[in-house]
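We will go from stop to stop, selecting a few residues each time.

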Amino acid sequence: MATGTLYTYPDNFRAFKALIAAQYSGASVKLAGNFKFGETNKTPEFLKKFPSGKVPAFETPNGQYLSESNAIAYFVANEELRGGKCPFAQAQVHQWMSFADNEIVPASCALVFPLLGIMPQKRGSTARQDVEEVLALLNEKLLNCTYLVGERITLADIVVFCSLLHVYQYVMEPSARRPYENTNRWFMTLLNQPQFKAVLKTFKVCEHALVFDPKKYAEFLAKTGQAGGDAKQQKQEKKPKEEKKKPVKEVEHEEIEEMDATEEALASEPKSKDPFESLPKGKFNFDDFKKIYSNEDEKVSIPYFWDKFDSENCSIWFGEYKYNEELTKTFMSCNLISGMFQRLDKMRKQAFASVCLFGGDNDSTISGIWVWRGQDLAFTLSPDWQVDYEVYDWKKLDPKSEETKKLVEQYFSWTGTDKDGRKFNQGKIFK
């Protein structure tokens with residue numbers, strides 16, 4: 001049975017490969033204590049063991065060293081995970097591990113990292129298409145089989161799964177996942193295995209895809225001391241227009257290493273504080289109410305809301321879009337609401353809203369009821385939440401008034417008309 005110490009930063013999808021494999025094999029793998037990325041891995045002692053300075057890195061009790069994630073996962077795995085005794089099955093496992101590194105990871109990084117604000121978004125990027133091609137290929141493969149190799153989970157499944165984590169975490173919202181039923185079934189089957197859950201304790205599949213915000217990358221450059229500009233990016237932008245652009249799936253080795261460094265730079269960034277932390281917590285449990293609202297009729301969920309609502313530590317607001325006269329097609333108006341929701345993603349845990357569109361094409365209005373922790377406008381708590389709120393008029397409502405109770409019932413149940421008599425068209429829930 002393999003034993004050793006794994007050096008890595010938290011939530012490194014590459015390290016998850018070895019940790020999940022160890023759960024199956026019974027290997028004794030402990031995480032290195034007091035490891036700090038950007039410091040520990042630059043010390044002479046670390047570089048003597050691992051000259052590349054990269055993580056994950058693995059050290060055995062008798063002084064042997066491994067520094068590539070697939071190699072580490074293979075070492076701590078058992079025979080069954082490696083493909084059993086069949087040479088062809090073993091070769092298939094290696095095939096899928098190579099596929100993950102050469103096809104999935106470059107496409108995933110090129111698509112997700114710009115959304116996280118740790119890499120510039122390149123013009124003409126085919127990352128989205130490349131990710132969709134990967135998912136389609138897996139979807140066809142998994143049409144008539146449960147796992148990638150044989151009838152049991154192998155390293156092929158573990159490595160491909162870990163390589164898709166960022167895609168399923170940040171991009172593949174329900175509507176985007178819909179065409180890939182077989183891939184989704186396989187992914188969720190693995191995610192719910194005890195061995196996977198023991199490692200991926202807080203992982204959640206994406207409900208609302210991230211959207212690109214150029215401000216994030218500028219802030220990242222400033223934080224990491226690169227505010228003067230990305231020389232390599234500038235150099236690329238000066239290339240002749242007629243030069244053929246290289247597809248993401250054909251990314252060269254040095255570009256993959258650039259992605260690795262960018263991802264690891266994210267790990268060294270301090271975790272942002274929850275803007276609501278400075279406010280009293282109160283007694284209203286948003287998660288509990290959201291579950292009731294999602295699973296019960298309004299006849300149950302609305303009385304539950306009023307029974308549990310904590311008026312001392314939470315507040316109710318009416319938000320009305322200022323420029324309704326500029327609204328045209330209803331689907332575009334709905335996209336306007338969805339875009340705002342996406343940009344407020346980190347606000348969800350302590351907030352809830354029902355925003356409604358009234359009327360039809362070229363004659364519609366947007367308004368909604370918002371509930372959040374605290375007594376003041378929540379948007380002012382974080383610069384990241386201030387992109388859209390100024391295009392709305394905000395009015396704080398008195399939770400004790402009958403008028404407020406009628407508005408809450410109307411907007412939570414998606415009925416009635418706006419103040420000018422336009423009928424309810426459709427609504428969206430922020431939860």
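Which residue lies over the face of Tyr74? Select Tyr74 and you will find Arg82 there, at 4.9 Å from the ring centre. Keep in mind as you look that this is a predicted model. For another view of this kind, select Trp306: Lys405 lies over its face, 5.8 Å from the ring centre.

**Ring against ring**

Next, pick Phe50 and Tyr65, an edge-to-face aromatic pair with 5.4 Å centre to centre and 75° between the planes. Phe50 is buried, at 2% relative accessible area, whereas Tyr65 is partly exposed at 38%.

Now move to Tyr293 and Phe352, also edge-to-face, at 5.2 Å centre to centre and 70° between the planes. Here helix H14 supplies Tyr293 and strand S6 supplies Phe352, 59 residues apart. Both residues are buried.

In total, the count is 48 aromatic pairs. To see rings gathered in one aromatic cluster, select residues including Trp317, Tyr321, Phe341, Trp372, Tyr392 and Phe430.

**Last stop: a cavity**

Where is the largest cavity lined? Select Ile104, Ala107, Ser108, Val131, Val134, Leu164 and Val167. Its volume is about 30 Å³. Helices H4 (87–116) and H5 (127–141) each give at least two lining residues, with H4 providing the largest share, three. The lining has six nonpolar residues, one polar and no charged.

Notes:
Residues are numbered from 1 along each chain as its sequence is written. This is a predicted model: local features need pLDDT of at least 70, side-chain atom pairs count only at pLDDT 80 or more; totals for chains, interfaces and linings use all residues. Side-chain values use heavy atoms; hydrogens and water are left out. On a 1 Å grid over the protein atoms alone, a cavity is a set of points where a 1.4 Å probe fits but cannot get out, and a pocket is an open set with protein on both sides within 12 Å along at least five of seven lines; lining residues have an atom within 4 Å of a point. Grid points are joined across faces, edges and corners, and a volume is the space filled by probe spheres set on the points. Helices (H or I, at least four residues) and strands (E, at least two) are DSSP runs, numbered from the N terminus. Ala, Val, Leu, Ile, Met, Phe, Trp, Tyr, Cys and Pro count as nonpolar, Asp, Glu, Lys and Arg as charged, and the others, Gly among them, as polar. Rings of Phe, Tyr and Trp (its six-membered ring) pair if their centres lie within 6.5 Å; planes under 30 degrees apart count as stacked, over 60 as edge-to-face and the rest as tilted. Buried means under 20% relative accessible area, exposed over 50%, partly exposed in between (1.4 Å probe, protein chains only). A charge sits over a ring if NZ of Lys or CZ of Arg is within 6 Å of the ring centre and within 35 degrees of the ring normal.
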